There are 4 protein chains.
Amino acid sequence: MDTKKKTDLLLRLKSIAGHIKGVEKMVTDDAYCIDIISQVQAIQAALNKVNGQILDDHLHSCVITAIRGDDATERERMLGELASVFEKSAKL
Amino acid sequence: MDTKKKTDLLLRLKSIAGHIKGVEKMVTDDAYCIDIISQVQAIQAALNKVNGQILDDHLHSCVITAIRGDDATERERMLGELASVFEKSAKL
Amino acid sequence: MDTKKKTDLLLRLKSIAGHIKGVEKMVTDDAYCIDIISQVQAIQAALNKVNGQILDDHLHSCVITAIRGDDATERERMLGELASVFEKSAKL
Amino acid sequence: MDTKKKTDLLLRLKSIAGHIKGVEKMVTDDAYCIDIISQVQAIQAALNKVNGQILDDHLHSCVITAIRGDDATERERMLGELASVFEKSAKL
């Protein structure tokens, strides 16, 4: 991952960590349940963006390298991994 | 898609269509709400399997062809599509 | 469920069944994979609306009755069911 | 929320915050993309458990109080909130 992408990703993760701290405070302060749940759902959405960004980078580096390479086993492994990430993300 | 995979996919879709018919009957017969919701969630899980199967086939055909090809625009389009399918499936 | 809501729900389900038929045709006709996946995701979103509508009706009938009733076991069962529907819908 | 539940919830949130720190370190250390994505998905699953626990508590306190109360507007508001939490959690 290039330095710019990495910096961006780390900033997002720091912001998410701050968001979690905020939720801890809400729980400590007896905030209204539904408001806490909404904040947790917002964190989950932010984590989806993190995953989207990592996946995009992965597709443009490792996946391209593997598919262009001569190692059929490695290629299969890579495609299998992608299918499994998709399945996990979609599972009800 | 090869004939075997296509036949398998069509069988799954037929079975899902039958499942939907079953839910219609449950609604008509005033079945218990939570039982209907469970059946609908089972249909959604079955549709996830359909999508997983199609994606797997897609990765092993179009995506490999595009990534190995010389057309950089087509390759970018293909990877962008994959990222967007993932994002849609993961969206909260 | 009152007649109007039931009719509305059955119409939605019929439309979803038609949508599934459309996906079967796409598979038979070798439509582009990503287009098929998008249609399947649209069907899943439509099924979410169906579940939302049924849940809303359930909350306004059975749940109110159970919570107002004197049967503590029945009330617990009902609340446990709600929590489990939520968990299933949210599971990654 | 009683003290025991609150303590338990705060422990979970602390553990999730630690998990996020771990993901930051993976990004800094250039860990393999798919391994990072798996960790992020595990965090999202842990957050689902947090939400499930808060919802369960909410159902057993505020919702019971509102449904048993005489304020029809408040009751409607409460049920509407529940339906909307469900919808957000299920949205594709």
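Predicted model: local features only at pLDDT ≥ 70, side-chain atom pairs only at ≥ 80, totals over all residues.
Trainee: Let's start with chains A and D. How much area do they bury between them?

Mentor: The general idea goes like this: interface size is often quoted as the accessible area lost when the parts come together. Here, chain A and chain D bury about 3,600 Å² between them, and 67% of that is on carbon and sulfur atoms. In residue terms, 37 come from chain A and 37 from chain D.

Trainee: How many salt bridges and polar contacts are there between chain A and chain D?

Mentor: Four salt bridges are counted between the two chains. For polar contact, the count is 11 residue pairs, with both residues at pLDDT 80 or more. On the chain A side, α1 (3–28), α2 (33–68) and α3 (72–90) each supply at least two residues touching chain D. Of these, α2(A) gives the most, with 17 residues. By type, the chain A side splits into 22 nonpolar, eight polar and seven charged residues.

Trainee: Can you show me a salt bridge there? Which residue of chain A does Lys14(D) meet?

Mentor: Look at Glu24(A): its side chain and that of Lys14(D) meet in a salt bridge at 2.7 Å, N to O. Then turn to Lys14(A), which is linked with Lys21(D) and Glu24(D) in a network of salt bridges.

Trainee: And over all chains, how many salt bridges does the structure hold?

Mentor: The total is 31. One of them joins Lys6(B) to Asp30(C), with the closest N and O atoms 3.1 Å apart. That pair crosses between chains: Lys6(B) sits in helix α1 (residues 3–28) of chain B, while Asp30(C) is in the loop between α1 (3–28) and α2 (33–68) of chain C.

Trainee: Is Lys6(B) buried or exposed?

Mentor: Buried, because its relative accessibility is 17%, and the cut-off for buried is under 20%.

Trainee: What about a salt bridge within one chain? Which residue pairs with Asp8(B)?

Mentor: Arg12(B) does, and the closest N and O atoms are 3.8 Å apart. When you read a pair like this, check the spacing along the helix. Asp8(B) and Arg12(B) are four residues apart in helix α1 of chain B, so about one helical turn separates them. Asp8(B) is partly exposed at 29% relative accessible area, and Arg12(B) is partly exposed too, at 31%.

Trainee: Now chain C. How do Asp29(C) and Lys25(C) meet, and how exposed is each?

Mentor: Their side chains form a salt bridge at 2.6 Å, N to O. Asp29(C) has a relative accessible area of 48%, so it is partly exposed. Lys25(C) has 52%, so it counts as exposed; the line is drawn at over 50%.

Trainee: Where is His58(C), and what is it in contact with?

Mentor: His58(C) is in helix α2 of chain C, and it counts as buried because its relative accessibility is 0%. To read its surroundings, set aside the neighbours within four places in sequence. What remains from chain B is Tyr32(B), Cys33(B) and Ile34(B). From chain C, there are Val63(C), Met78(C), Glu81(C) and Leu82(C).

Definitions and conventions. Residues numbered from 1 in each chain as written. Chains lettered and ligands numbered in written order. Heavy atoms only, no water. Contact = heavy atoms within 4.5 Å. Buried area = accessible area lost by both parts, 1.4 Å probe. Polar contact = N/O pair within 3.5 Å; in protein donor to acceptor, adjacent residues only side chain to side chain. Nonpolar A, V, L, I, M, F, W, Y, C, P; charged D, E, K, R; others polar. Buried < 20%, exposed > 50% of the residue type's maximum accessible area, 1.4 Å probe, protein only.
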